[in-house]
Amino acid sequence: MLTAVDAVAVADRAEHGDTRTRLIQAAIGLYAEQGLDGASLRSIVLASGVRNASAVQYHFGGKAGLVRAAVDYLADLVFPPGVALLQSLQSEMGERPVTVREIVEATYGPVLAFSLSSSQNLNAVRIFPALLQHPDPATRNLFVNACADLRELSDTMLVAALPEVPAQVVRLKAGFALVNVLHLVTDLHVLYGAAEVVSDPSILRRVYDYFLDYVSGGIESERQGSAEFRRFLARTGAEYSRPELLS
């Protein structure tokens, strides 16, 4: 049975936890709309409805801590379902051939499903491309670290599914796919508007299927055009710093 002191402590923790979550959710919304450097701490506090102006400092130690918390909060919603699906699929690899399409769908299907489930989610995941494009390496690494488990497991399974393709080529193409899915979400938001995209099931189904076909085909395709690309470089006088990727 809770004593009066225990009850106060539990209520205090619940209030703090709620305040922290409200600040994170407000930050995600404003970062998506205004950019990581465009949203001020004051505007985030106001949007959260928290009355204490020093709440960000108290809960996160400042702006950098709030950005980290916002990325972690969003990443925990977006990436773990894909890891779980990949782990389940991985357990079947010894019993049957697992296709590239299956791996791609397990990897990015949950990301797309989350993004396309509501206009708020579609808006929120725009933070991820913003992280990758940020000039500060530490900020870029927030995203790299947030999706590290998903990327590593997916890449490992794709390499196993395509033994005839050099591992570094598979990983490079998988990296293309990750960047593509992030920009797909951003482009949909810009081209169609979040509300229109998530309200039309036919758009959602086509986007989902076309994207998975596009990524799967790109990863599985044989590399073409290496000789043509070298001739282009020779004509233009350009130099490619990593020719081993074209070999």
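## How exposure is judged

A residue is called buried when its relative accessible area is under 20%, exposed when that value is over 50%, and partly exposed in between, using a 1.4 Å probe and protein chains only. Arg 205, at 45% relative accessibility, therefore counts as partly exposed. This residue is found in helix 13; helices here (H or I, at least four residues) are DSSP runs, numbered from the N terminus. Along the chain, Arg 205 and Leu 116 are 89 residues apart, and their C-alpha atoms are separated by 9.9 Å.

A word on the model before going further. The structure is a predicted model, where local features need pLDDT of at least 70 and side-chain atom pairs count only at pLDDT 80 or more, while totals for chains, interfaces and linings use all residues. Residues are numbered from 1 along each chain as its sequence is written, and side-chain values use heavy atoms, with hydrogens and water left out.

## Aromatic pairs

How many aromatic pairs does the structure hold? There are five. Rings of Phe, Tyr and Trp (its six-membered ring) pair if their centres lie within 6.5 Å; planes under 30 degrees apart count as stacked, over 60 as edge-to-face and the rest as tilted. One of the pairs joins Phe 128 and Phe 143, whose ring centres are 5.2 Å apart with planes at 50 degrees, so this pair is tilted. Because Phe 128 lies in helix 8 (residues 127-132) and Phe 143 in helix 9 (residues 137-146), the pair ties together parts that are 15 residues apart in sequence. Both Phe 128 and Phe 143 are buried.

Another tilted pair is made by Phe 211 and Tyr 214, with ring centres 6.4 Å apart and planes at 45 degrees. These two sit three residues apart in helix 13 (residues 201-220), so about one helical turn separates them. Is each of them buried or exposed? Phe 211 counts as buried at 6% relative accessibility, whereas Tyr 214 counts as exposed at 52%.

## The nonpolar core

In soluble globular proteins, nonpolar side chains tend to be buried together. A nonpolar core is a set of buried Ala, Val, Leu, Ile, Met, Phe, Trp, Tyr and Cys residues joined through side-chain atoms within 4.5 Å. The largest one has 68 residues, and Tyr 31, Phe 79 and Phe 128 touch the most other members. Helix 11 (residues 167-192) gives the most to this core, with nine residues.

Phe 79 also forms one aromatic cluster with Phe 128 and Phe 143. Setting aside residues up to four places away in sequence, Phe 79 touches (heavy atoms within 4.5 Å) several residues, including Val 111, Ala 146 and Leu 150.

## Around Asp 155

Asp 155 has its place in helix 10. With a relative accessible area of 10%, Asp 155 is buried. Leaving aside neighbours within four places in sequence, Asp 155 is in contact with Arg 171 and Ala 174.
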